[in-house]
Amino acid sequence: MAWPLSRSRWRKKSTESKGYFIFLSLTLTFLLISLFLFFSFASSFQFFLLPKTLSRSHSTTIQCGPQTLTGAKSLARERFIWYAPHSGFSNQLSELKNAIIFAAILNRTLIVPPVLDHHAVALGSCPKFRVTSPSDLRNAVWDHVMDLVRDQRYISMADIVDLSSVSPRALKIIDFRIFASLWCGLNMDGTCHGNLCCAISSMGSTSNNFNYCRSLLSGLYGNVKQCLHAVEEDCRTTVWTYQQGNDGTLDSFQHDEQFQKRKKISFVRKHRDLYKAFGPGSEAEMAKILSFGSLFTSPYKGSELYIDIHKAPTDSRIQSLLEDIEFLPFAPELIAAGKEIAQNKIREPFLCAQLRLLDGQFKNHRKITFSALREKLQSLHSKNEGNNGNGLIHIFIMTDLPTSNWTGTYLEDIASNTKSYKLYTLTENDERVVQAGKRLVAAERGFNSGFLPRNINTMKKNGVCSPALLPDILLYIEEIVCSCASVGFVGTAGSTIAESILMMRKSNICKL
């Protein structure tokens, strides 16, 4: 009796099991179809939600334009140029100069970037054809700029460098914070020290769509018709020229076949005329934003690494601008602070020694750097120059080596020789440096030197925001102090900082 009951039980369970599996199969099938339809719909709908995910096939349907009402009124007819600065400040300054020339040639409004942290973004090596692609470089710059905004450490290049000689006379510029607020709708609160910045930043709270602006300026997903033209040519393939009659010709610097095979690359460098490539009649002409990667260049093996525009034979406007930007001084507030330190802190005729000892290749050439200073001091002693009645040689030391690490170096030797030398240094906490920083940000030169909305006077009354941190301006003031050194200057060979100081000394900015 038990066994048939047992069989009966098994037969009943089997029937129920079949029904259960049929139900489970139908349910799973329904769920899979639902998920497929959901993700298919989401991927297409995402186009409207997250502009950074747009593909090339959708580029023609993007709604391109300012994301704020004030931006729509003020910026709708503007055409902009953007680029990706990188490396140290001196390199960033040289790129700004090239960007000024590019903007003037192409009649575009230059978006002025902030000062990036030293080597926060790196290009790579042009001579070795090992560089970050323009799109990746632009993306890295955007991310770092947003870090500066978030950390309240933003300072514009136009705050540090005096652009009054070029704007608005030769070209139009716009501070990145204004562009980001009015075009992208971003709230740039935390980047401000004055009423102008606060008023404009408060207008950008409409969307906070960082992805929209990030994808546009970076060009990660290709060109967007009549909106963005992302330049992908870099120093591996292109040398930009202007009015030289060599468009399309091979550049003199090319790597040999053996090098290219060994590195598995196949780049050919050609000259390209900037105006022909992006000016009237070009595909890029109607794009609202023309976005470059690096604009850094330097002479190399009889050529230029990326940009060869040193004269404009038939364009007097550009020729004049090239001469004007050869030297762009620091902001007046910085120059005044440097002069004041030279006059009231050092007080005596002095020598400046710029010693770059820690960064990059320079840390391996300390002996050479110290040797140049030693020779200069020996020369001063032998000629009895630099003595001030008491036999002292006054030296302003500008170095990246902290005083706590001077032990065992030539700096320790001269610092301990108080009968022959008196040394001076600056720190970012020096009261003169701090006060100079406050005066600098209060001037809001980044805003006053470029585009401002027409209704800015009304907006200023309502501008309230969290103040940014005081910027680190020690480097710039140290350079100015060195330009005031009447006894002489010793710089680190190959340092762009030393080149900058020599340019300031040549321009005689320090008239004490």
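Reader: Where buried means under 20% relative accessible area, what share of the 512 residues of the chain counts as buried?
Author: This is a predicted model, and totals for the chain use all residues. With the cut-off for buried set at under 20% relative accessible area, the share of the chain's 512 residues that counts as buried is 50%.

Reader: How much of the accessible surface of the chain belongs to carbon and sulfur atoms?
Author: The accessible surface of the chain comes to about 25,300 Å². The part of that surface belonging to carbon and sulfur atoms is 53%.

Reader: Which residues touch the most other members of the largest nonpolar core?
Author: In soluble globular proteins, nonpolar side chains tend to be buried together. The largest nonpolar core here has 126 residues, and helix α3 supplies the largest share of them, eleven residues. A separate core of 19 residues includes Trp406 and Tyr410. Within the largest core, the members that touch the most others are Leu110, Ile160, Phe176 and Phe292.

Reader: Which tryptophans does phenylalanine 292 touch, leaving out residues up to four places away in sequence?
Author: Contact here means heavy atoms within 4.5 Å. On that basis the partners of phenylalanine 292 include Ile81, Tyr83, Phe102, Arg138 and Tyr306. The tryptophans among its partners are Trp82 and Trp240.

Reader: How many of the 18 residues of α3 are buried?
Author: Helix α3 covers residues 89–106 and reaches 25 Å from its first C-alpha to its last, close to the 26 Å expected. Asparagine 107, with a positive phi near 55 degrees, follows the helix. α3 is mostly covered, and its count of buried residues is 17.

Reader: Which strands are at the edges of the open sheet of four strands?
Author: The order in this open sheet is β14-β13-β12-β15, and the pairing is parallel. From one strand to the next, the twist averages 25 degrees. An edge strand pairs on one side only, and this holds for β14 (421–424) and β15 (488–490).

Reader: What is the bridge partner of leucine 351 in β15?
Author: Strand β12 spans residues 351–355 and pairs with β15 in the parallel sense over three bridges. In β15, leucine 351 has as its bridge partner glycine 488.

Reader: At what angle to β12 does helix α13 run?
Author: Helix α13 (residues 366–383) lies across β12, β13, β14 and β15. Angles are taken between N-to-C directions, from 0 to 180 degrees. Relative to β12, α13 runs at about 170 degrees.

Definitions and conventions. Residues are numbered from 1 along each chain as its sequence is written. This is a predicted model: local features need pLDDT of at least 70, side-chain atom pairs count only at pLDDT 80 or more; totals for chains, interfaces and linings use all residues. Side-chain values use heavy atoms; hydrogens and water are left out. A nonpolar core is a set of buried Ala, Val, Leu, Ile, Met, Phe, Trp, Tyr and Cys residues joined through side-chain atoms within 4.5 Å. Buried means under 20% relative accessible area, exposed over 50%, partly exposed in between (1.4 Å probe, protein chains only). Helices (H or I, at least four residues) and strands (E, at least two) are DSSP runs, numbered from the N terminus. The expected span of a helix is 1.5 Å times one less than its number of residues. Accessible areas come from the Shrake-Rupley method with a 1.4 Å probe; for residues, only the protein chains shown count as cover. Two strands pair if DSSP finds at least two bridges between them.
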